[in-house]
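Colleague: I would like a close look at a single part of this model, followed by how the rest of the chain is arranged. Please keep to what can be read from the structure itself.

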Amino acid sequence: MIPFALHTAASPEEALGRLADEPGAALLAGGTTLVDLMKLEVLRPSAVIDISRIGLDAIERTPRGWRIGALARNRDVAAHPRIAADLPLLSQAILQGASGALRTMATVGGNLLQRTRCGYFRDRTAACNKRSPGAGCAALDGVNRGHAVLGVSDACIATHPGDLAVALAALDARVTLRSRDGERTVAFTDFNLVPGNTPERETVMMPSEMVTAVEVPDLGYARRSLYRKVRDRASYQFALVSCAVALDVEEGVVRAARIALGGVGTKPWRAREAERSLVGRFADAHAFGDAAARALAGARPRPDNAFKVAMAERVLARCLLDLREMAL
Ligand code: SF4
């Protein structure tokens, strides 16, 4: 690991001041991504600012929904009894991510900023546009079974690795960002960027900003929601395909739907066209199959990951059928 300066911040203001004064610095919360990548020398910050003691960890009910501090531990969010009841897809998504030990350390804000698991990104000897802009992409013609099929570009096909992020995309969450100059909120579906020609730029955050909270608005029918994840083994594994789905059905007709996909996109993938296609239709296998096909209509698979298209369609259609049984 390359030497670095370590600062321990006592408040958000102190952390933001240091971040503004030292643009090459990185924020350390749970450390479950940053430390790994520093050991591999994929990330080489000039300084590390420990923000684990600055608060920002409250999980609060607000008049419009929930406000979750960026430093709330994933374990605590998943275990919150009202979140588990009101937003089961959120709780389920967290519990299907990583391991118990990692969920205990990992924070909500850090989770949203976790880096791709593309093996070439983590291998400093491989060509990777995300790590070294202009270097090329070894995954395009390399081992790409786990890579994305939606939102890809000729520069990068790395999959967004999140689970919590997929649930937040389905729930119309908003992210609060703060810098020394002030605060702004961003729709979570706009927070992550598709790679395009600049895969090194993964979010709309500025270098001087940090995530301070996530706001999740009320969605009454989210009590009937689920997160399902298909992976190579049953725990501590990233998704091949995942779905975060909520469905509002009345007298057999879909009134509203929320659909987001994980494991297949370069960002948490909200499937709005699929959602729109369901509204007003009978909640049956035909409608769900049609919606699933629409969700994957823009897929650009490589030979090794083409299976994800059919898999995602089947998993999504199955999730919708299962939710219908809950909703009727
Ligand atoms: Fe790098 Fe993206 Fe290519 Fe992976 S897919 S090697 S992260 S440019």
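In which helix do D322 and R318 both lie, and how many residues apart are they?

Modeller: This is a predicted model, and what follows should be read as such. D322 and R318 both lie in helix α12. They are four residues apart, about one turn of the helix. The two form a salt bridge, with the closest N and O atoms 2.9 Å apart. R318 has a relative accessibility of 44% and counts as partly exposed. Elsewhere, salt bridges that share partners join E273, R276, R281, D290 and R294 into one network.

R276 counts as exposed, at 55% relative accessibility. R276 and E325 are 49 residues apart along the chain, and their C-alpha atoms are separated by 20 Å.

As for charged pairs in general, side chains of opposite charge can pair when their charged atoms come close. The structure holds 29 salt bridges. Among them is the pair of D154 and R300, whose closest N and O atoms are 3.2 Å apart. D154 lies in the loop between α7 (108-112) and α8 (164-170), and R300 in the loop between α11 and α12 (307-327), so this pair ties together parts that are 146 residues apart in sequence. D154 is exposed, with a relative accessible area of 61%. R300 is partly exposed, with a relative accessible area of 44%. Another salt bridge is formed by E183 with R178, where the closest N and O atoms are 3.4 Å apart.

Next, the buried side of the helices. In helix α11, residues 285-295, the buried residues are A287, F288, A291, A292 and A295. Seen down the axis of α11, the buried residues fall within an arc of 135°, so they line one face of the helix. Helix α5 spans residues 88-95, and six of its eight residues are buried, so this helix is largely enclosed by the rest of the structure. The buried residues of α5 are P88, L89, L90, S91, A93 and I94.

The structure also holds one aromatic pair. The rings of F188 and F191 have their centres 5.9 Å apart and their planes at 25°, so the pair is stacked; planes under 30 degrees apart count as such. F188 and F191 both lie in helix α9, residues 188-191, three residues apart, about one turn of the helix. Both F188 and F191 are buried.

At the surface, M1, F4 and L6 form a nonpolar patch. Together these residues have about 290 Å² of accessible area. M1 lies in the segment before strand β1, which runs over 5-8.

Last, the overall layout. The domain assignment of the chain gives domain 1 as 1-54 and domain 2 as 225-327. The C-alpha centres of domain 1 and domain 2 lie 37 Å apart. To return to the part you asked about, D322 and R318 are a salt-bridged pair, and both sit in helix α12.

Technical notes:
Residues are numbered from 1 along each chain as its sequence is written. This is a predicted model: local features need pLDDT of at least 70, side-chain atom pairs count only at pLDDT 80 or more; totals for chains, interfaces and linings use all residues. Side-chain values use heavy atoms; hydrogens and water are left out. Domain bounds come from an automatic or database domain assignment. Buried means under 20% relative accessible area, exposed over 50%, partly exposed in between (1.4 Å probe, protein chains only). Helices (H or I, at least four residues) and strands (E, at least two) are DSSP runs, numbered from the N terminus. Patches are made of residues with over 30% relative accessible area and no salt bridge: like charges are joined within 9 Å, nonpolar side chains (Val, Leu, Ile, Met, Phe, Trp, Tyr) within 5 Å. Accessible areas come from the Shrake-Rupley method with a 1.4 Å probe; for residues, only the protein chains shown count as cover. A salt bridge is a side-chain nitrogen of Lys or Arg within 4 Å of a carboxyl oxygen of Asp or Glu. The arc is that of the directions from the helix axis to the C-beta atoms. Rings of Phe, Tyr and Trp (its six-membered ring) pair if their centres lie within 6.5 Å; planes under 30 degrees apart count as stacked, over 60 as edge-to-face and the rest as tilted.
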